[in-house]
Amino acid sequence: MDYDPESDSYICRHGKQLTAVSKRTQKTATGYQREVTIYECNSCDSCPYKKDCIKGNNCKTAFEDRNKRLSVSRKMEEKRAECLERITSDYGTQLRMNRSIQAEGSFANVKEDMNFRRYLYRGKENVLAQSILLAIGYDINKLHHKIASERTGTHLFELKKPHNF
Ligand code: SF4
């Protein structure tokens with residue numbers, strides 16, 4: 001549903017408005033308390049989408065008399081929007097691209113280029129020690145390539161810009 005911040009309401013697919021009717025505090029399983037706003041449609045009578053739209057059979061009100069209700073944490077919605085803006089910005093896109101290159105690429109390099117297929121020792125401590133040695137070796141190798149290609153001082157690959165035809 002589309003949210004209209006000016007009227008603090010939602011518009012459903014049937015063109016009806018769901019307005020804020022109350023607020024309540026909820027506690028999550030981890031003990032976090034959040035405030036949710038309840039939005040309600042003022043009339044879902046004879047709506048062709050009602051069966052898909054209104055879920056849950058625990059309500060005491062007869063289905064035909066029920067109106068759609070939504071519980072929304074406005075803070076959560078704001079944080080979600082902020083997050084989306086950050087990860088889709090140029091810098092966010094660059095970080096996501098680098099994460100896939102640097103993290104996923106490292107596993108592939110270690111397995112394929114360095115032919116590391118299995119640990120030589122058993123036990124957590126030995127496996128950890130071998131992992132650390134492997135990581136140090138990998139990093140030295142990487143630094144060597146960076147020095148050779150004069151890319152020291154940068155820790156992120158640049159985003160490739162699309163070519164203009
Ligand atoms: S059931 Fe109510 S909220 Fe859902 S689409 Fe129909 S009118 Fe809109």
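**A close look at helix 4**

Guide: The residues of helix 4 that are buried pack against helix 3, which covers residues 90-113, where contact means heavy atoms within 4.5 Å. Helices (H or I, at least four residues) and strands (E, at least two) are DSSP runs, numbered from the N terminus. This is a predicted model, in which local features need pLDDT of at least 70 and side-chain atom pairs count only at pLDDT 80 or more, while totals for chains, interfaces and linings use all residues. Residues are numbered from 1 along each chain as its sequence is written, and side-chain values use heavy atoms, with hydrogens and water left out.

The buried residues in helix 4 are Q130, L134, Y138 and K146; buried means under 20% relative accessible area, exposed means over 50%, and partly exposed lies in between, with a 1.4 Å probe and protein chains only. An α-helix has 3.6 residues a turn, so residues three or four places apart point the same way. Helix 4 itself runs over residues 124-148, and its 25 residues reach 36 Å from the first C-alpha to the last, close to the 36 Å expected at 1.5 Å a residue, the expected span being 1.5 Å times one less than the number of residues. After helix 4 comes E150, with a positive phi near 55°.

Turning to charged pairs, a salt bridge is a side-chain nitrogen of Lys or Arg within 4 Å of a carboxyl oxygen of Asp or Glu, and by this rule the count comes to 5 salt bridges. One of them joins R99 and E104, whose closest N and O atoms are 3.1 Å apart. R99 counts as partly exposed, because its relative accessibility is 49%, and E104, at 45%, also counts as partly exposed. Another salt bridge pairs R117 with E112, with 2.6 Å between the closest N and O atoms, and E112 counts as exposed because its relative accessibility is 52%.

E82 and K79 are 3 residues apart in helix 2 (residues 74-88), so about one helical turn separates them. E82 is partly exposed at 37% relative accessibility, and K79 is partly exposed at 45%.
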